[in-house]
Amino acid sequence: MITSAHEQLRHDHDYLVKFLALGNSGVGKTSLLYQFTEGCFNSQFTSTVGIDFKEKRLVHRCSVTGREQGVHLQLWDTAGQEKFRSLTTAFYRNTMGFILVFDLTNEQSFLDIRSWMEQLRTHAYCESPDIILVGNKVDLTEQHVVSEARARDAAFKLGVPYMEASAATGFNVTACVLALVDAVLLRMNRVVDDTRLTLGKTVSPDDEVTSVCVC
Amino acid sequence: MAYKVRLAEFDSILQAEKIDLSKLQELCFAGIPDDGGRRALCWRLLLHYLPLDRSCWLQYLADKRKQYHSFVDDIVVGGGMNSSTSSSSEALHNSRPSDIGELETSSGSISRHNNSFDTPSIGTDINTNKTPSSLPVHKRSFSNTSSITNSSSSSNSLCSDHPLNLSPDSQWVSFFKDNEVLGQIDKDVKRLCPDMCFFQRVTPHPRADTPRLCTRVTHTPLHSAPLHDKLSSSYSRQRGSGTRKSPSPPPEPLPPGTEAHWEVLERLLFIYAKLNPGQGYVQGMNEIIGPLYYVLATAPSDAEHAEADTFWLFTSLMADVRDLFIRTLDESESGIGRLMTRLMSCLKDEDAATSSQLTCQGIKEQYFAFRWLSLLFSQEFPLPDVIRMWDSVLASPDRHRCLLLLATAMIVLQREKLLSGDFASNVKLLQNYPPCDVGAIISKAVELSDRLVT
């Protein structure tokens, strides 16, 4: 995926970026993605069976270079239950970023993060893909069973960034996704730059890539 | 006028001493009239629950309903938190040996393809859960000594069981395992058909004697209050309680003795999972049991038996489609993977252009057909349309073939959009099938059935 970054250019030089949401059933994956794409909360979702697709286009300013690029984000939503694992792991390989979600009011969903990480490292395109760990339902303060300190500690040990969010209020939802977009784009640009260095200026195949900047 | 003729056709078949099944299937395939509870009756027949001979209906129904309620007694009442098992369930426990015998024969007839996963099926499973006291045994030992002496384990081992006991035969271990299953069911039945309020409403036919299953898996947060008012201000500053939001109000608890329809579904699915350990509960089963229960519970007659009858209809329907729910069978002849492959080859035969469009765009059948087929289209359309579609599915002697034809028809009917759409719009189109007349899909499927080998 990453090595063929310039193949990913579509529609006015947007980067096509694919994310997958993972986590136990009922943690709020569908609601988080819906809040991100539609900007509102819908509490009326039935359980996801199989895999669902959403998309959103945005212009992202890179946190390091300040470069702006158009991003066509494809978001895949998965079913949480064990039965659907074989179906969903097939998607891991084509995914650039993983949104790993647990429910702050559900201990088990937090404990299972470890096994989701294992799944992910086994099936993803590389050993250390870009991941963000999201503790959802931060608005239900009274019902929290996982403290922020504990979640941060776990995220630190796993080597992934951690954010708390609420699909219900919309708090931090966009920030979570954009943080992951940023990480993925940094990685992509790094690969593209490396490629250019190796190939040298004479054979530069990626005039397109340099013109990605749509300032 | 034509409608009245149709009603009369149904009635002449349904009122015959012996039901002509193939004629009934033919009629039902074209849609069952909503009037007079005919659909509930037809579905009971199409799913081979009611015998074709009318004269045995009364006795048969009485037996089956009694049998279901004895499952409730064993698994929900006995296996639950209730320390005082009612005397009526004791009477049933005494008659258990014959119950098991019946069950084994009935499970044999239900499972068409005898699946190795379920061979230690209903009968055996009940044996291992022989005591109605799979829980707080020490409590029971005071209140209900008779059931303890009846049970297979000695009273010694019963008394030594406790919640932290890790031995595999600890009844607490199985209680906690059950609660995992129950937790999953609970989440799913509560969010079934959110666009209609039926499942949230109170059922006029509750089983008031059963413990409320959802309370077994509801987490009650511990409430704490600061000891001294003076200290509380410093604590709250630390925790930043000024920004706290009050939690969303919990749903109104129903008065004792009443239950909502979703609670009935919860009990049904839990009992099914307990009796079929090879399958357990898989997400999506809620979507399959939902329409069955809805049709029976809203019928003008026999709605008081909707729960028990739904159990048997669901068991029968699952016998046909359960392999779609068993992960290890995904790639087997009867599994979901194979069914999706067959769908794509049907599409190729029928409409090569659309088929190659999907292939070229990298749109895999898993993206849409997985849900279409495994849930029998129940998530694709509003409930009334699903029910109409199921008239045809249930009336088909070969249900898998019927599913394939319907799914092929659904794709073919969208071919213009699919041929002009890009990857994203096509995936969205197939995952959110546009509102349409399901009659057109069924007609198209009939048309395809003449030329497609599935």
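A residue is taken as buried when its relative accessible area is under 20%. By this criterion, in what is a predicted model, helix α3 of chain B, spanning residues 38–46, is mostly covered, with eight of its nine residues buried. The buried set consists of R38(B), R39(B), A40(B), C42(B), W43(B), R44(B), L45(B) and L46(B). Beyond the helix, α3(B) is followed by H48(B), a residue whose phi is positive, near 60°.

Helix α3(B) packs against helix α1 of chain B (residues 2–14), the two axes lying 12 Å apart and forming an angle of about 45°. Since angles under 35 degrees count as roughly parallel and those of 65 to 115 as roughly perpendicular, α1(B) and α3(B) are therefore oblique to each other. The crossing of these two helices, α1(B) and α3(B), is left-handed. On the α1(B) side the contact is made by L7(B), F10(B), D11(B) and L14(B), which meet R38(B), L41(B), C42(B) and L45(B) of α3(B). Classified by residue type, this contact of α1(B) with α3(B) comprises six nonpolar and two charged residues, with no polar residue.

The 15 residues of α14(B) reach 21 Å from the first C-alpha to the last, which is close to the 21 Å expected at 1.5 Å a residue.

Q366(B) is placed in the loop between α18 (352–360) and α19 (369–374) of chain B. With a relative accessible area of 23%, Q366(B) is partly exposed, because a residue must fall under 20% to be counted as buried. When residues up to four places away in sequence are not counted, Q366(B) touches I51(A) and L87(A) from chain A as well as M340(B). Q366(B) and T341(B), although 25 residues apart in sequence, are separated by 9.6 Å in space, C-alpha to C-alpha.

Chain A, to which I51(A) and L87(A) belong, contains seven helices and six strands. Along the sequence, these elements of chain A follow the pattern β-α-β-β-α-β-α-α-β-α-β-α-α. Of the 215 residues of chain A, 53% count as buried. Among the contacts in chain A between residues at least 6 apart in sequence, 75% join residues that are at least 24 apart.

Technical notes:
Residues numbered from 1 in each chain as written. Chains lettered and ligands numbered in written order. Predicted model: local features only at pLDDT ≥ 70, side-chain atom pairs only at ≥ 80, totals over all residues. Heavy atoms only, no water. Helix = DSSP H or I, 4+ residues; strand = E, 2+ residues; numbered from the N terminus. Expected span 1.5 Å × (residues − 1). Buried < 20%, exposed > 50% of the residue type's maximum accessible area, 1.4 Å probe, protein only. Axes fitted to C-alpha atoms, helices over the stretch in contact; angles between N-to-C directions. Parallel < 35°, antiparallel > 145°, perpendicular 65-115°, else oblique. Left-handed = near helix turned anticlockwise from the far one by under 90°. Contact = heavy atoms within 4.5 Å. Nonpolar A, V, L, I, M, F, W, Y, C, P; charged D, E, K, R; others polar.
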